Amino acid sequence: VLISHVHFDHLSLGTLERIEDRVGALLAPTQAVNYIPRHGFPVHELGEWTSWEDGDGLRVTAVPVKHPGWRYALDAGWMTQASTAYVIEYRGVTVYFGGDTAYHPTHFKRTGERFPGIDLAFLPIGPIEPRDFMKRVHADPKEALQIFEDLGAQRMLPIHFETFINSADTREA
């Protein structure tokens, strides 16, 4: 299980309980493990640019994003490293999972340089509006395309849009 950060729409404690017997390991960014209760599976904290390997060829590396990772506003002062994206490598396939992020002029270029030839990028879009506020924490469609280009990925799958409407975004048919 990959946890990108501990916002309620990215870490459901009830879901972890329900799937506990099927989890081989849980990976979370630095500081996020403070909100993950003890279960019957190992929890690994990954700092930026650090990797975890399972011994069967699966390698997961935490890479930088631009997004606050804290769960409650009171955490904002100390949870400064609790958000990440991941690069997953397995049997010659490389996948980028973006979690949540805004656009950053160097984060994605650096990731693309360290992991050339990303096969598939799962890129988060939204919430988008009001843009002057959301721009700090979430990419819009144009910025997601820029992230895709900066990563140098072969394919992109948009994620995170219209999952939880917690902004001024509107649904279109």
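Start by selecting T61. Leaving aside its neighbours within four places in sequence, T61 is in contact with W49, T50, S51, A85, Y86, V87, E89 and F115. Keep in mind that this is a predicted model.

Now colour by accessibility. Is T61 buried or exposed? T61 has a relative accessibility of 2%, so it counts as buried, the cut-off being under 20%.

Next, show the strand around this residue. T61 belongs to strand β4, which covers residues 59-63. Look across from T61: S51 stands opposite, and T61 lies in β4. A polar contact of 2.6 Å links them.

Zoom out to the sheet. How many strands does the sheet have, and in what order? There are six, in the order β3-β4-β5-β6-β7-β8. The sheet is open and its pairing is mixed. From one strand to the next, the twist averages 15°.

Now select helix α4, residues 141-151. This helix packs on the sheet and touches β6 (93-97), β7 (120-124) and β8. The directions of α4 and β7 make an angle of about 150°.

Last stop: W49, one of the contacts of T61. Select R114 as well. The charged end of R114 sits over the ring of W49, 3.8 Å from the ring's centre. As for aromatic pairs, a search of the whole structure finds one.

Technical notes: Residues are numbered from 1 along each chain as its sequence is written. This is a predicted model: local features need pLDDT of at least 70, side-chain atom pairs count only at pLDDT 80 or more; totals for chains, interfaces and linings use all residues. Side-chain values use heavy atoms; hydrogens and water are left out. Two strands pair if DSSP finds at least two bridges between them. Helices (H or I, at least four residues) and strands (E, at least two) are DSSP runs, numbered from the N terminus. Axes are lines fitted to C-alpha atoms, for helices over the stretch in contact, and angles run from 0 to 180 degrees between N-to-C directions. Contact means heavy atoms within 4.5 Å. Rings of Phe, Tyr and Trp (its six-membered ring) pair if their centres lie within 6.5 Å; planes under 30 degrees apart count as stacked, over 60 as edge-to-face and the rest as tilted. A charge sits over a ring if NZ of Lys or CZ of Arg is within 6 Å of the ring centre and within 35 degrees of the ring normal. Buried means under 20% relative accessible area, exposed over 50%, partly exposed in between (1.4 Å probe, protein chains only). A polar contact is a pair of N or O atoms within 3.5 Å; within protein, one must be able to donate a hydrogen and the other to accept it, and residues adjacent in sequence count only if both atoms are side-chain atoms.
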